[in-house]
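Reader: Before I use the labels attached to this model, I would like to see the definition behind each of them. Could you take me through them?

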Amino acid sequence: MHGNDKHNAAESSERGQPRVTSRRKGSLPAARAKDHPGRKSAVIGDKAAVRNRETLVTAREGAVDRRENAVDAREGTAASREREIRAADATQAAADDHMAMLQQANTRLVIATLEAQKLAEQLGKAKVQLEGAKLVAEKANRAKSEFLSSMSHELRTPLNAILGFAQLLEAGSPPPTDTQTERLQQIIKAGWYLLELINQILDLAVIESGKLSLSRESVSLIEVMRECQAMIESQAQKHDTHINYLPFDHGWVASADRTRVKQVLINLLSNAIKYSRQHGTVEVACSATPERLRISIKDSGAGLSPQQLAQLFQPFNRLGQETGDEEGTGIGLVVSKQLVEMMGGSIGAESTVGAGSEFWFELIRDVSPPQSAADNAMPAMLSPQAREGAGRRRTLLYVEDNPANLLLVEHMIENIPQLRMLSALDGNHGIALARTQLPDVILMDINLPGINGFQALKILRDDPATAHIPVLAISANAMPRDIQRGLEAGFLGYLTKPIRIKEFMLALDMALQRVETGQDGTPPPASGP
């Protein structure tokens, strides 16, 4: 080939066109044979080029895949970062919320602390005020007790002379006329009524102050009822009222204060007698359960309306009986209710207008065997009048600063020839007489000028020459705590004014009996319940 032909053939080949070559005759086979290796090489080159192109395509596809993977990775990373950002934002928000809650809690804590401090300050002030109020109340309570004790003393002192001399006149010789007797009975009745009013007011005051102490023991109801029957019988006879006592079981025993049970019974029985119809009947019954004992007292009076029943147990409320003929204080039922409740019981009433009323109270039942009243009974003694011809003459020393009281006791014992009386107007004089005269019995007032009765008793007890002499207290200080204090101090007995002549004679007889039997004047030790 010529150069131009070769050039044209190459261009044709490069353009993808068939090459047109000029062939010379006789030279074609040789040329083909001569060109076969070239074509083979071209084919191989073409295949290599194809493979290269395929490799390039594959590489390009791989690059595309890698680019796509990179994009996916970038997108995944972005999503992950977005999630992390959202999580971080959520965490921050939660932390912010928690911090806000902590700040709020801290604020509330500060406020609560401040309020607690204020409350503590207020509590401290309230405590101081309470202690101050308590001191004021205690002071007022002491003043009230002192006033009541003083009032009792001041009222009992003149009553002692009124009732004492009235009793002496009634039992005197020569006996009073019928008109005088009637007048004396009115004086005595009014005097004892006034004393009852004083006692009930004092009882109510002591109960309300919480200072009343009870002596709980086994109390046989049948024994207490017999004692009350003897005490109330004269009142029933005066009112022409019959009391019907239904049978009581000997095994009915209450756990209560014996004296207070009698006080409640006497009050209810007295009311039933007073408010029953003329020639009426009062019925007394008792019933029992395993835990309780109930005493019922039914009268034959006019009965109470529901409105009146609702007003029962109110102080000084006599339910419209203020203008009636029967005397009353309006305190007895109030005292009875509080006494029963203090003993663990209950009290109530049922009534029908025109058919009478039934009052009842319940006490706790005691299953232990009761102590017989005979075990504590005072031995039978002769009265001072019966001692007129027995033994030597006895001496009574009365230490008292009130001339009326001295005169009363002097008149009370003037009919006992074997008993003479010495008197002293104060404690020191009384001690001096006791040491020089050595009386058989000493009657000692409590409120004396100079040293009081308690101080005088201690001096007498500390002196061997007078320690054996029985000393009886007699005083207008009649509060329960006064009596208890006197007995604990060592008085053989404690008599309260106004004097009841019979009680006075029994106490004097007891003291003289101790002298005759050679016993000393100190009281016997108290036995347990």
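Author: What follows is a set of questions about labels, each answered by setting a value against a definition. The model is a predicted one, in which local features need pLDDT of at least 70 and side-chain atom pairs count only at pLDDT 80 or more, while totals for chains, interfaces and linings use all residues. Residues are numbered from 1 along each chain as its sequence is written, and side-chain values use heavy atoms, with hydrogens and water left out.

Reader: What makes the contact between Glu-223 and Arg-258 a salt bridge?

Author: The term requires a side-chain nitrogen of Lys or Arg within 4 Å of a carboxyl oxygen of Asp or Glu. For Glu-223 and Arg-258 the N to O distance is 3.6 Å, so the pair meets the definition. The pair links distant parts of the chain, with Glu-223 in helix α4 (residues 221–238) and Arg-258 in helix α5, 35 residues apart; helices here are DSSP runs of H or I with at least four residues, strands are runs of E with at least two, and both are numbered from the N terminus.

Reader: Why is Arg-258 called buried, and what is Glu-223 called?

Author: Buried means under 20% relative accessible area, exposed means over 50%, and partly exposed is in between, with a 1.4 Å probe and protein chains only. Arg-258 has 14% relative accessibility and therefore counts as buried, whereas Glu-223, at 21%, counts as partly exposed.

Reader: Which other residues are linked with Glu-223 and Arg-258 in a network of salt bridges?

Author: The network also holds Glu-227 and Lys-262. Lys-262 forms a salt bridge with Glu-227, with the closest N and O atoms 2.9 Å apart. Lys-262 lies in helix α5 and Glu-227 in helix α4, so this pair, too, ties together parts that are 35 residues apart in sequence. Lys-262 is partly exposed at 22%, and Glu-227 is partly exposed at 25%.

Reader: How many salt bridges does a search of the whole structure find, and where do Glu-341 and Lys-337 lie?

Author: The search finds 13 salt bridges. Glu-341 and Lys-337 both lie in helix α7 (residues 332–342), four residues apart, which is about one turn of the helix. Their side chains meet in a salt bridge at 2.6 Å, N to O.

Reader: How many disulfides does a search of the whole structure find?

Author: The search finds zero, where a disulfide would be a pair of cysteine sulfur atoms within 2.5 Å. As for individual cysteines, Cys-228 counts as buried at 0% relative accessibility, and Cys-286 counts as buried at 12%.

Reader: Why are the buried residues of α10 said to be on the same side of the helix?

Author: The residues concerned are Gly-427, Gly-430, Ile-431, Leu-433 and Ala-434. They cover an arc of only 165° around the axis, which puts them on the same side of α10; the arc is that of the directions from the helix axis to the C-beta atoms. What covers these buried residues includes β8 (394–399), β9 (419–424), β10 and α11 (453–462).

Reader: How do you know whether Asp-445 is buried or exposed?

Author: Asp-445 has 2% relative accessibility, which is under 20%, and so it counts as buried. The residue is found in the loop between β10 and α11. Leaving aside neighbours within four places in sequence, Asp-445 is in contact (heavy atoms within 4.5 Å) with several residues, including Val-399, Glu-400, Asp-401 and Lys-497.

Reader: Which UniProt annotation covers Asp-445?

Author: The unreviewed UniProt entry marks Asp-445 as "modified residue: 4-aspartylphosphate"; UniProt positions are given in the numbering used here, feature names are shortened, and annotations may be inferred rather than shown by experiment.
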